Amino acid sequence: ALREVEANATRNGTLHDPHGIDLFALPADSPVVANFPPFLVGVYRWDNWLLVWALRERVPVVDVSERGLLFHALMPNNAERHSARRGAVYNYVLCKKELGELYRLGSVLNADFALIGRGAAARVGPSRVQSVG
């Protein structure tokens, strides 16, 4: 069953917009925990804040978008614009308060590195674009 789901996702799935970041891996003692504003996690703009924070703090950012298979559960309102969802205005205002217009840099296009290759041959290499960090 899992292979069928994977095959269907590979065939029919699409990559999220570069500003929608859905996977973070951080050490448990990461300073981001102490610096994390009171965002509604999973709602519009919190992920952009986190990526900009990492870039500003010189935490290496690796884009795995095109090499990993990440399933994203769709919600009933998935067709609704992210900015129109419940809690989005709160997160947007908080993000702008914290970063001003810098939140726009919160995109995987600004990652320092990218995962290259597949399976056992995968390795971390330079990003496809220049990082702002």
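Arginine 58 lies in the loop between α3 and β1 (62–63); helices (H or I, at least four residues) and strands (E, at least two) are DSSP runs, numbered from the N terminus. This is a predicted model, in which local features need pLDDT of at least 70, side-chain atom pairs count only at pLDDT 80 or more, and totals for chains, interfaces and linings use all residues. Residues are numbered from 1 along each chain as its sequence is written, and side-chain values use heavy atoms, with hydrogens and water left out.

Arginine 58 has a positive phi of about 65°, although it is not a glycine. Most residues other than glycine have a negative phi. Arginine 58 is exposed, with a relative accessible area of 61%; here exposed means over 50%, buried under 20% and partly exposed in between, using a 1.4 Å probe and protein chains only.

Another arginine to look at is arginine 45, in the loop between α2 and α3. Arginine 45 also has a positive phi, of about 80°, but this residue is buried, with a relative accessible area of 13%.

## Helix α3, largely enclosed

Now to the helix itself. In α3 (residues 46–56), 10 of the 11 residues are buried, so this helix is largely enclosed by the rest of the structure. Among the buried ones are Trp46, Trp49 and Trp53. Their cover includes α2 (32–35) and α4 (88–99), where contact means heavy atoms within 4.5 Å.

## Helix α4 and its two faces

Helix α4 has 12 residues and reaches 16 Å from its first C-alpha to its last, close to the 16 Å expected at 1.5 Å a residue; the expected span is 1.5 Å times one less than the number of residues. Its buried residues are Ala88, Asn91, Leu94, Cys95 and Leu99. They cover an arc of only 135° around the axis, which puts them on the same side of α4; the arc is that of the directions from the helix axis to the C-beta atoms.

These buried residues pack against α3. The face turned away from them carries exposed Val89 and Lys97. After α4 comes glycine 100, with a positive phi near 65°.

## The nonpolar core

A nonpolar core is a set of buried Ala, Val, Leu, Ile, Met, Phe, Trp, Tyr and Cys residues joined through side-chain atoms within 4.5 Å. The largest one has 18 residues, of which Phe39, Trp49, Val61, Cys95 and Leu99 touch the most other members. Helices α3 and α4 each supply at least two residues of this core, and α3 gives the most, with 8 residues.
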